[in-house]
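Dear colleague,

Please find the structure below, handed over for your records. My notes on what was found in it follow.

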Amino acid sequence: MKKNKNLISLIVASAFFFLGVSGILMWLKQKSHPIEMLHTIMGLLFLAIAIFHIVNNWGSLKAYSKDKATGSI
């Protein structure tokens with residue numbers, strides 16, 4: 001399970017990097033077709049893996065949001 005979390009974190013970080021670079025290139029008016037395609041594909045990959053990451057770590061995220069003393073949000 002730990003290897004899966006490490007792999008997912010690496011994929012999310014890579015997608016975030018490529019989204020940032022391609023977004024900056026598009027902002028600088030370098031709108032070529034391959035850059036737009038890379039940005040779209042990496043954006044969809046980032047969204048899918050981020051949702052999987054949230055679902056996979058829901059218990060931890062829920063525990064982080066609770067107050068230790070009262071047990072409420």
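Helices (H or I, at least four residues) and strands (E, at least two) are taken as DSSP runs and numbered from the N terminus. The model is predicted: local features need pLDDT of at least 70, side-chain atom pairs count only at pLDDT 80 or more, and totals for chains, interfaces and linings use all residues. Residues are numbered from 1 along each chain as its sequence is written, and side-chain values use heavy atoms, with hydrogens and water left out.

Overall architecture

The protein has 3 helices and 0 strands, in the order α-α-α from the N terminus. Of its 73 residues, 12% count as buried; buried means under 20% relative accessible area, exposed over 50%, and partly exposed in between (1.4 Å probe, protein chains only). The exposed surface comes to about 5,900 Å², of which carbon and sulfur atoms supply 72%; accessible areas come from the Shrake-Rupley method with a 1.4 Å probe, and for residues only the protein chains shown count as cover. Among contacts (heavy atoms within 4.5 Å) with a separation of 6 or more, 57% are between residues 24 or more positions apart.

Isoleucine 8 lies in helix 1 and is buried, with a relative accessible area of 9%. Leaving aside residues up to four places away in sequence, isoleucine 8 touches Ile49, Phe52, His53 and Asn56. The C-alpha atoms of isoleucine 8 and histidine 53 are 7.1 Å apart, although 45 residues separate the two along the chain.

Helix 2 has 24 residues and spans 34 Å from its first C-alpha to its last, close to the expected 34 Å; the expected span is 1.5 Å times one less than the number of residues. Ile35, Met42 and Ile49 are buried in helix 2.

Aromatic pairs

Rings of Phe, Tyr and Trp (its six-membered ring) pair if their centres lie within 6.5 Å; planes under 30 degrees apart count as stacked, over 60 as edge-to-face and the rest as tilted. By this rule there are 2 aromatic pairs. Phenylalanine 16 is exposed at 58% relative accessibility, while phenylalanine 46 is partly exposed at 26%.

Phenylalanine 17 and phenylalanine 18 form an edge-to-face pair, 5.4 Å centre to centre with 70° between the planes. Phenylalanine 17 is exposed at 53%, and phenylalanine 18 is partly exposed at 35%.

With kind regards
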